[in-house]
Amino acid sequence: MGHSYKSISISEEAIKVLENFSLPEDLAFGKVMAPIMIEADYANGKWGEFKMVPYHKLTLDPTCKVLHYAQEIFEGLKAYNADGLGPFLFRAEENYKRFNLSAQRMAMPDVPAELFLEGCEAMTSHCSHLIPTESGSSLYIRPFMFATDDNLGIKPSETFKFMIVASPSAAYFSSGSVKVLVEKGAVRACPGGVGHAKTGGNYAASLYSMIEAKKAGYDQVLWLDAVNKKYIEEMSGMNFFAVYGNTIKTPTLTETILNGITRKSIVTLAQHLGYQVEETTMDIDELLSDIKSGACSECFACGTAVIITPISLLGTREGEHFKLEHEQGPVSMRIRTELLNIQEGRGDDPFQWRQSVK
Ligand code: COI
């Protein structure tokens, strides 16, 4: 189980808790945590030791800066071991690059590439026996960093904690498709803000609308641009795609959209599979009328957690429903299958996205 890593110290206790851990049968997503974690502290302009230790609760001072001013970033990536073919990490360097872009925006220090990547590999390697082997399930790895200065002054923290935890997880959504409410009131992110950074506040900002959407019978919210309330952005935790025959459209990336790694992979993969991909401005009213006319036959959402989830219906607060022709469209499902084949090691890996971890 696992091996040593050059930059990470692995405690004997971590090895012991791994030996004594047994995986519950019912996993769900992000609920069961692996019994180990990685932690490191930043102070005086440098990172201290990166340590793998038993999973444990944190002790924070009540003035800990993150609790008040939300100076925090995170990533999500998966290690797959379907049918025991892995474990494979998927495009972890992309998560690393985005992590440090988020860090820059949130006035936080860089984490060295080798430590971020080695940390994800070490968690995968040591938890390889805990990765569920059913297709679509995985070890969901969550690197994150937060401000730890203990005082209430509103200025950038000078101390930080970096951690990696991981969760043996089943697929994110249990149902085969989602219903989506178009949000024309609240906004998720505005130009010049932090929408492109993977920081907790963007997710917190989405929760009120999410509750309202659930009350109205929807699963998710589709965000529009803050200025015109007209152009499709993303879905908090997921990017958005619409299928028009052989053409697949997705909103052009802006500073108010998270640059999804699954999104980017789908753009490349769909082109490889012969689809025409358009990264373009998408007007919500045009999309809704294209769904009505049948010009748009499928919509889907994608993200690391969900991979690809088809959208069966878009609705508005005025009570209009725009039902997609397919609840699980053939294009969405084909791309999902092809992407999972790469991620889980069944298919070729034409873009070298997959990394085997022993
Ligand atoms: C991911 O796909 O990793 C996400 O960011 C979604 C997460 C917030 C559950």
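Biologist: Where does Q352 lie?

Modeller: Q352 is in the loop between α8 and β18 (354-356). Element names follow DSSP runs, counted from the N terminus: helices are H or I runs of at least four residues, and strands are E runs of at least two. Before we go on, this is a predicted model, where local features need pLDDT of at least 70 and side-chain atom pairs count only at pLDDT 80 or more, while totals for chains, interfaces and linings use all residues. Residues are numbered from 1 along each chain as its sequence is written, and side-chain values use heavy atoms, with hydrogens and water left out.

Biologist: What is the phi of Q352, and is the residue buried or exposed?

Modeller: Phi is positive, about 50 degrees, although Q352 is not a glycine. Buried means under 20% relative accessible area, exposed means over 50%, and partly exposed is in between, using a 1.4 Å probe and protein chains only. With a relative accessible area of 67%, Q352 is exposed. A28 also has a positive phi without being a glycine, near 55 degrees, and it sits in the loop between α1 and β2. A28 has 30% relative accessibility, which means it counts as partly exposed.

Biologist: Back to helices, then. How do I read the packing of α6 and α8?

Modeller: Two packed helices are described by the angle between their axes and the distance between the axes. Here the axes are lines fitted to C-alpha atoms over the stretch in contact, and angles run from 0 to 180 degrees between N-to-C directions. For α6 (residues 261-272) and α8 (residues 330-344), the axes come within 11 Å and cross at roughly 105 degrees. That makes α6 roughly perpendicular to α8; the scheme calls angles under 35 degrees roughly parallel, over 145 roughly antiparallel, 65 to 115 roughly perpendicular, and the rest oblique.

Biologist: Which residues of α6 and α8 meet?

Modeller: On the α6 side they are T262, S265, I266, L269 and A270, and on the α8 side I335, E338, L339 and I342. Contact here means heavy atoms within 4.5 Å. These residues divide into six nonpolar, two polar and one charged. Nonpolar covers Ala, Val, Leu, Ile, Met, Phe, Trp, Tyr, Cys and Pro, charged covers Asp, Glu, Lys and Arg, and the others, Gly among them, are polar.

Biologist: Now the strands. Which way do the residues of β6 point?

Modeller: In a regular strand the side chains alternate between the two faces of the sheet. In β6, L77 and A79 point one way and K78 and Y80 the other, and all are buried.

Biologist: What does β6 pair with?

Modeller: Pairing needs at least two DSSP bridges between two strands. β6 runs antiparallel to β8, joined by three bridges, and antiparallel to β7 (residues 88-90), joined by two. A79 has L139 as its bridge partner in β8 and L89 in β7, while K78 stands opposite Y140 of β8. In the loop between β6 and β7 you'll find P87, and the peptide bond from G86 to P87 is cis, with omega near 0 degrees.

Biologist: And what other strands does β8 pair with?

Modeller: β5 (residues 72-74) pairs with β8 over three bridges in the antiparallel sense, with I73 opposite M145. β9 pairs with β8, also antiparallel, over ten bridges, and there L139 faces P168. Nine of the ten residues of β8 are buried, so the strand is largely enclosed by the rest of the structure.

Biologist: Which residues touch the most other members of the largest nonpolar core?

Modeller: A nonpolar core is a set of buried Ala, Val, Leu, Ile, Met, Phe, Trp, Tyr and Cys residues joined through side-chain atoms within 4.5 Å. The largest has 40 residues, and W47, F50, I141, M145 and F162 touch the most other members. The largest share, six residues, comes from α4. M145, leaving aside neighbours within four places in sequence, contacts residues including W47, I73, F99 and F162. A second, separate core of 24 residues includes V178, I291, I311 and L324.
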